[in-house]
Amino acid sequence: MVQYNFKKITVVPNGKDFVDIILSRTQRKTPTVVHKGYAISRLRQFYMRKVKYTQQNFHEKLSTIIDEFPRLDDIHPFYGDLLHVLYNKDHYKLALGQINTARNLISKIAKDYVKLLKYGDSLYRCKCLKVAALGRMCTVIKRIAPSLAYLEQIRQHMARLPSIDPNTRTILICGYPNVGKSSFINKITRADVDVQPYAFTTKSLFVGHTDYKYLRYQVIDTPGILDRPFEDRNIIEMCSITALAHLRAAVLFFLDISGSCGYSIAQQAALFHSIKSLFLNKPLIIVCNKTDLQPLEGISEEDKKLVMEMKAEAMKTVIGQGGESMDDLGVLLTMSTLTEEGVIAVKNAACERLLDQRVELKMKSKKINDCLNRFHVAIPKPRDQKERPPCIPQAVLEAKAKEAAEKEKRKTERDLEDENGGAGVYSASLKKNYILANDEWKEDIMPEIMDGHNVYDFIDPDILHRLEELEQEDGLRQAEEDDDDFEIDGKELTPEEQKALAEIRKKKSLLIQQHRVKKSTAESRPIVPRKFDKDRRFTTERMGRQLSSLGLDPTLAINRARSQSRGRKRVRSPDRGADDVVDMDVDTPNKKLRIRSRSRSRSKSRPPGEVVPGEGFKDSTQKIKAVKLAKKSAKKRNKDARRGEADRVIPTLKPKHLFSGKRSTGKTDRR
């Protein structure tokens, strides 16, 4: 798991954007309406809130920047030196220090101006103090704008750095430029490093991953290193030096024995001896690359002597790990990335050396004592001199032999195709797997038309017999269906059966009649509108006669039915309208009476002082007094419910279209 993920660092805004973000947030998140009529304590609180909120936002943003950027003293030395090489740690610390100073200054400014706002004596003075406080905070931010821009550049570059875990199993590739380092990492991992025929194609560290013995190894491709003094090396070379110095890894020093890289073996050997102090306590393998152009045996004696000296230096790392001096097989290896000869052998040797070293270090550590007491390796001791070889049943051996023989004998269609001329010549037979009584019939050609007749018409010799059986079966099914439709008419029954049938039919008819009567009762019958009851069968007179025949008094039922029946709209009675229509004669016809009383059909509105029964008032005077008291008590609450300072509505007291422009001739009342 990677411990350092620089891709999650938050974006650092520039000075102008920083100020815009904070001030717009202050405007959105705090009240915006204030009037000079407010109490002075309310005015002070309004502006103190804005100053404090702005300071808190600045503090949060700046704290996020300081906390998310890595501290060079707290992270792994590899990353600390790498950041120093890339960005110069003095400038880096200076920029973060300026951010921290700005954060403290903004907190001090807010504290001072809040103290002054506590003694503001008017809205104008409080507002001026607020403007001054926010202005000084923004000035501080603008002064650190170069530091913010520098940190944003660093953040973008750090996000592009590869994710290197300094503590995992690592293979490090180093050497002169253009000796085949990037080609090797492309061969053994899924990395895609650019490969070109000129020096310094790789300008930074590249990471790939490979597997060996079910373990994951990270492979790091470093830029090429030139043989020159330490002070003269550039940033690209210093990245390689940093990785060699701080990563606990297996080192592959690549050597181009063909000389096609532009550097001789003597120059590459001089580089090896100048940086060999970085190889201490690390498994070191010297890899002679490009053997397809020049084999190792074909180099000159001087060059071979230089290679042997490098091999002797590499052997010291084996002895330092506790190995034997005779074990030199995994120290000097040859390969060619073009033909891929020896590539896997180099990878396996490096992984094996690194794995042995890590296991040995763990065995020497104190932690191993805590683990050893949990393990117990049981080694059985022989009880006698008798040999007891493993016993495998004969049936299992025969089954395995048979399976192996079948696997060898069986030929696939692809094998047959290759043997018989390949694709386009060989055609697979679909008939050879037919299951027939005789295998010789498989390839027979089946005729379709013979002597002018269709062969399929004569395939089944018993077709007429089967057709006759089918017709008989259909006849039997038809007879069964006719029997099912038969209805008893009573002619073939005995007298006792006929009597029982008559009783059944009589009982069935009685049940049907009872059901019909039950359905026709008044409860289940829907109410018939009068326009459909033209025969006037459903009347109260009829209901009275039916109830009387049952011995019941129909008076109450008839009165109830009449009271609940819907009639036409009521006509205002003459006695009710006597007060309203004074000049009405008693002999006025009903039609005229309705016309004259139509204007009074709407109910009259009740005056506010009128007492309604149930309200609890003695008279109208008492009710009017109670209404006045209720309105008076609600007046103060209604005043307090006016629009507040957080409603964010700034009314236009003087609309511009009414108070600007030249007056023309005509009326000016609207102004």
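Buried means under 20% relative accessible area. I start from that cut-off, and I keep in mind that this is a predicted model.

**Whole chain**

I looked up the burial first. Of the 671 residues in the protein chain, buried ones make up 30%. Next I took the accessible surface, which comes to about 49,000 Å². Carbon and sulfur atoms hold 53% of that surface. Residues 24 or more positions apart account for 66% of them. For secondary structure I noted 21 helices and eight strands.

**The sheet**

Six strands form it, and I wrote down their order as S2-S3-S1-S4-S5-S6, with mixed pairing. Which strands are the edges? They are S2 (206-212) and S6 (332-334), each pairing on one side only. Neighbouring strands are turned by 25° against each other on average, direction ignored.

I reminded myself what holds such pairs. Strands of a sheet pair through backbone hydrogen bonds, either parallel or antiparallel. Then I went to one pair. Strand S5 covers residues 284-289, and three bridges join S5 to S6. These two strands run parallel.

I checked two helices next. H7, residues 181-188, lies across S1 (170-175), S2, S3 (215-221) and S4 (250-256). H7 runs at about 160° to S3. H9, residues 265-274, lies across S1, S4 and S5. Its angle to S4 is about 160°.

**Cysteines**

How many disulfides are there? A disulfide is a covalent bond between the sulfur atoms of two cysteines. I applied the cut-off, a pair of cysteine sulfur atoms within 2.5 Å. The count comes to zero disulfides.

Cys239 has 4% relative accessibility, so Cys239 counts as buried. Cys261 has 8%, so Cys261 counts as buried too.

**Arg388**

My last stop was Arg388. Where does Arg388 sit? Arg388 is in the loop between helix H12 (367-372) and helix H13 (394-409).

Methods. Residues numbered from 1 in each chain as written. Predicted model: local features only at pLDDT ≥ 70, side-chain atom pairs only at ≥ 80, totals over all residues. Heavy atoms only, no water. Buried < 20%, exposed > 50% of the residue type's maximum accessible area, 1.4 Å probe, protein only. Helix = DSSP H or I, 4+ residues; strand = E, 2+ residues; numbered from the N terminus. Contact = heavy atoms within 4.5 Å. Areas by Shrake-Rupley, 256 points an atom, 1.4 Å probe, with all protein chains shown as cover. Pairing = 2+ DSSP bridges. Axes fitted to C-alpha atoms, helices over the stretch in contact; angles between N-to-C directions.
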